[in-house]
Amino acid sequence: MRGRPDEESGDLFASAAADYARYRPGIPSEAVRLLVGTVRGVARPVVLDLGSGTGQVAAALLPALAHEARLDLVDPDPGMLREATETLAPLLGDSPAGFHCVRAEDFTPPFDGYRADLVTCARAFHWMPRPAVLTMADRVTAPGAGVAIMGDGSLWTYQAQWTADLQRLIQSYLGPERRAGTAGAYTEPGRRYEDDLAESAFSDVSEHRIPVRRTWTPAAVVGYLRSTSFARPALFGDQHARFEQEAHLLLEEHSRGERLVEDAVFTMLLARRPGGDR
């Protein structure tokens, strides 16, 4: 599983939190089942979510976790964490939560004796210094802990006629290269996530591929684009409103009054220390 272009770091998206919370797809129920299975039997599991964004992973896990599970959300973007706080407030109940506005590799335990039973990272691992993050995870996790690296591509990488035409429209404004926020062009990573895990303490890895069919309205796709590194509003300058109008018309033509379909694959790499319980 290679880094995917849709996995974004907080410093690329200081103003995208509201659109991210509203338009980004959540994680599928089968992924939730797999994650919860890793902490089955733990009375009060501790989940450490890295690159939390607006709290999608935590929000999906909370209803299925044991009573009084603890969640720690880590993201360098304070706007993302504010959205996550609002999202999780009605879901937490008796479950304690910590919100840590730091980069993943800089996370430190919030109290003595802290040990996470599950570390999750969805659509964000690509933007992190991966060996340093896995070294941090080794320091702060229980011996049998699992690490779940998850992602599912993006509407830039999904191959369909409507996404191809949308990509060409974006390129007509921003040039042929796939943008990565204000940092420049996206470059394909040279290593797979499996290679990073193989050289870490969490070298026992299983892969789970979950087919997901999503349907989009033109308005939802346009909103989603505002949350991405390749089509964030700032890249278009004073042409952004014109771009959104053209994108909406293009998508309306493709949908012809129906929903736009995306058949994605949500991939999870579930890793443990060798000899750990699965």
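**Exercise 1. Which residues does Leu61 touch, not counting residues up to four places away in sequence?**

Solution. Before we start: this is a predicted model, where local features need pLDDT of at least 70 and side-chain atom pairs count only at pLDDT 80 or more, while totals for chains, interfaces and linings use all residues. Residues are numbered from 1 along each chain as its sequence is written, and side-chain values use heavy atoms, with hydrogens and water left out.

Step 1: look for contacts, meaning heavy atoms within 4.5 Å. Leu61 touches Val32, Leu35, Val36 and Val47.

Step 2: ask who contributes. Helices and strands here are DSSP runs (helices H or I, at least four residues; strands E, at least two), numbered from the N terminus.

**Exercise 2. Work out how helix H6 packs on helix H9.**

Solution. Step 1: get the geometry. Axes are lines fitted to C-alpha atoms, for helices over the stretch in contact, and angles run from 0 to 180 degrees between N-to-C directions. H6 (residues 161–174) and H9 (residues 240–255) pack at about 160 degrees, with axes 10 Å apart.

Step 1: name the arrangement. Angles under 35 degrees count as roughly parallel, over 145 as roughly antiparallel, 65 to 115 as roughly perpendicular and the rest as oblique. So H6 is roughly antiparallel to H9.

Step 2: On the H6 side they include Trp162, Leu166 and Tyr173, and on the H9 side they include Phe243, Leu250 and His254.

Step 3: sort by class. Ala, Val, Leu, Ile, Met, Phe, Trp, Tyr, Cys and Pro count as nonpolar, Asp, Glu, Lys and Arg as charged, and the others, Gly among them, as polar. The H6 contact with H9 has nine nonpolar, two polar and three charged residues.

**Exercise 3. Is Tyr158 buried or exposed, and what is it in contact with?**

Solution. Step 1: find the residue. Tyr158 sits in the loop between E5 and H6.

Step 1: apply the cut-offs. Buried means under 20% relative accessible area, exposed over 50%, partly exposed in between (1.4 Å probe, protein chains only). Tyr158 has 18% relative accessibility, so it counts as buried.

Step 2: leave aside neighbours within four places in sequence, and Tyr158 is in contact with Thr163, Val261, Glu262 and Asp263.

**Exercise 4. Where is Arg123, and what is its phi?**

Solution. Step 1: Arg123 belongs to the loop between E4 and helix H5 (130–140). Arg123 is buried too, with a relative accessible area of 3%.

Step 1: its phi is positive, about 60 degrees, although Arg123 is not a glycine. For background, most residues other than glycine have a negative phi.
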